[in-house]
Structure formats: structure tokens, C-alpha cells
Amino acid sequence: MNPALGPDLEALLRRRGAALVGFADLSLIGPEVRAGLPFAVAFGVTLTPSIVAGIADGPTEAYAQEYVRVNHLLDEIAEAGAAFLRKEGWRAEARKASAHPLPDDLITPLPQKTVATLAGLGWIGKCALLITPQFGPALRLNSILTDAPLPPAVPIVESECSDCQVCVGICPGEAPSGRNWKRGMARAEFFDAFACQAACHRVGKQRGLSQLICGRCVAQCRFTQAWLANSR
């Protein structure tokens, strides 16, 4: 095995635009949803700070377009990383940043945020988004499935949101219950995804946006606010 495989891969992904990179052991997840591959590379691309700062009171068309831009970039980064691993002699499958269309239950078989928690990048917040210490939820995620034995991070298994209720109080759909996540919890135990979807559709249509999204929880999370303050 090439001992520089992990560092070289991380360097490649960061050059392509990834702000966070982590490696995950997927052995506790059923093989049918991970293409039979035992490891994953999780990574995130941050949203443009000025655009995030502009959605504290609701989404904008700039945010809608940023969503599209970052998703395209995430897919390009995943393809580049998978090509690198295949060149090194390993199997690798680039995933897509977003599932289209979403299933009726709004649950994907292997959520990007689940892979990210296993890769030690962050935890699931009360808003059901991945929260990172560096950027809050102001980033989008993707991953690569592989059999390359990359050194896995220590998984994050419980929320670090503590008693913060910011996203609970500002959600137009009243989707977060206020409960803290821990690994093994069903999403419905702490978050109503259908209420979130309905609010995104309502707000997006009211504002005439090309993407039916919201983002208030992204902008107002205290970790996002700290990142924005440091970005000025």
C-alpha cells in the first residue's frame, strides 16, 4: 500500500475546492447501500460567505444559484478523487451531491451527512443538517466509496449543539423539535422533514426562486455566525 495515499488524495481534493476531507469506515452499514465497498472519503465545499450572510431572513436567488454551483463542483471533485484512486489500483465510486428525485419518504439509503459523521467531519444538528465546528452547516457534502484502506477517523456519535435552540426558533416550518441527535436515532425523533420540505416550497415560491430552498437555519447557526465573523 502507498503510505502517502491518504495525504495525496486529501491534497488533491483540497486543490479542487474541498474545505474539509475525512475518511470513514463503513463496515457497520449494510453492503447493499455502499456498493459493497468498505470505506468512504467524505468532503465538503463551503458556500460563499457573503451569500450565506444574505439569507438570514430567508433565501435569495443568489443562494439558489450557489446551491447549484456547489453541487456541480462537488460532483467534479468526487469524479477527480475516484479517478485518482482507480489509477492507484483501487475500486472507487463517485457519488452525487444530491439525490434526484428524492424518495417519497425523503430518506436516501446512505445520506451524505451520515458518511460525514463517520468520517469525523461533524454531527447532525437539530435542523438535521451536518454541523461542522469550522463552518457550521454552511457547506454542501459529497463522498466517494472505495476499497482503498484509508485511515478512518473517529466517528462523531452525538450532537454538540447542547442547549442551543436558534434553528428551532427561526424555522418557518417548525421542523426541528429541539432534541439533540445521537447516532442510531431516527430522523423523525428530532426533525420533521416533511414540514421542512413544505416550508422550503412555500418560501421559495413566495420569493420566486429557481430552487425551492430556505436556508435560514444555515445562516443563523452559531457556528456559521462564527465563521462569517472570521471571514470578514
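Predicted model: local features only at pLDDT ≥ 70, side-chain atom pairs only at ≥ 80, totals over all residues.

Colleague: Then let me begin with two helices: what makes α1 roughly antiparallel to α3?

Modeller: Helix α1, residues 5-16, packs against helix α3, residues 61-87, at an angle of about 150 degrees, and their axes lie 10 Å apart. Angles over 145 degrees count as roughly antiparallel, so α1 is called roughly antiparallel to α3.

Colleague: Which residues make the contact between α1 and α3?

Modeller: On the side of α1 they are Leu5, Asp8, Leu9, Leu12, Leu13 and Arg16, while α3 contributes Leu73, Ile77, Ala80, Gly81, Phe84 and Leu85. Sorted by class, this contact of α1 with α3 holds 9 nonpolar residues, 1 polar residue and 2 charged residues.

Colleague: Let me turn to Asn142; why does Asn142 count as buried?

Modeller: Asn142, which lies in strand β6 (residues 139-146), has a relative accessibility of 2%. Buried means under 20% relative accessible area, and therefore Asn142 counts as buried.

Colleague: What makes the link between the side chains of Asn142 and Asp75 a polar contact?

Modeller: The side chain of Asn142 comes to 3.4 Å from the side chain of Asp75, and a polar contact calls for a pair of N or O atoms within 3.5 Å, one able to donate a hydrogen and the other to accept it. The side chain of Asn142 also reaches the backbone oxygen of Leu74, at 3.2 Å. Setting aside residues up to four places away in sequence, Asn142 touches Leu74 and Asp75 as well as others, including Val41, Phe43, Arg95 and Gln112.

Colleague: Why is Arg91 called partly exposed?

Modeller: Arg91 sits in the loop between α3 and β3 (92-94), and its relative accessibility is 49%. Exposed requires over 50% and buried under 20%, with partly exposed in between, so Arg91 counts as partly exposed. Its C-alpha is 7.1 Å from that of Ala148, although Arg91 and Ala148 are 57 residues apart in sequence. Apart from neighbours within four places in sequence, Arg91 is in contact with Ala35, Leu37, Leu145, Thr146 and Asp147.

Colleague: Ala128 and Glu174 both came up when I asked about backbone angles; what is the phi of Ala128, and what is the phi of Glu174?

Modeller: Ala128 has a positive phi of about 65 degrees although it is not a glycine, and Glu174, also a residue other than glycine, has a positive phi near 50 degrees. Ala128 belongs to the loop between β4 (123-124) and β5 (130-131), whereas Glu174 belongs to the loop between α5 (166-170) and α6 (193-206).

Colleague: Are they buried or exposed, Ala128 and Glu174?

Modeller: Ala128 has a relative accessible area of 2%, so Ala128 is buried, the limit being under 20%. Glu174 has a relative accessibility of 69% and therefore counts as exposed, the requirement being over 50%.

Colleague: How do you know that Cys161 counts as buried?

Modeller: Cys161 is found in the loop between β6 and α5. Its relative accessibility is 10%, and Cys161 therefore counts as buried, because buried means under 20%. Leaving out residues up to four places away in sequence, Cys161 touches Trp123, Gly125, Lys126, Ile131, Asn180 and Arg222.

Colleague: Finally, what makes Tyr63 a buried residue?

Modeller: Tyr63 is part of helix α3, and its relative accessible area is 4%, so Tyr63 is buried, given that buried means under 20%. With neighbours within four places in sequence left aside, Tyr63 is in contact with Leu47, Ile51, Ile55, Ile213, Cys214, Gly215 and Val218. Tyr63 and Cys214 are 151 residues apart along the chain, and their C-alpha atoms are separated by 9.0 Å.

How values were computed
Residues numbered from 1 in each chain as written. Heavy atoms only, no water. Axes fitted to C-alpha atoms, helices over the stretch in contact; angles between N-to-C directions. Helix = DSSP H or I, 4+ residues; strand = E, 2+ residues; numbered from the N terminus. Parallel < 35°, antiparallel > 145°, perpendicular 65-115°, else oblique. Contact = heavy atoms within 4.5 Å. Nonpolar A, V, L, I, M, F, W, Y, C, P; charged D, E, K, R; others polar. Buried < 20%, exposed > 50% of the residue type's maximum accessible area, 1.4 Å probe, protein only.
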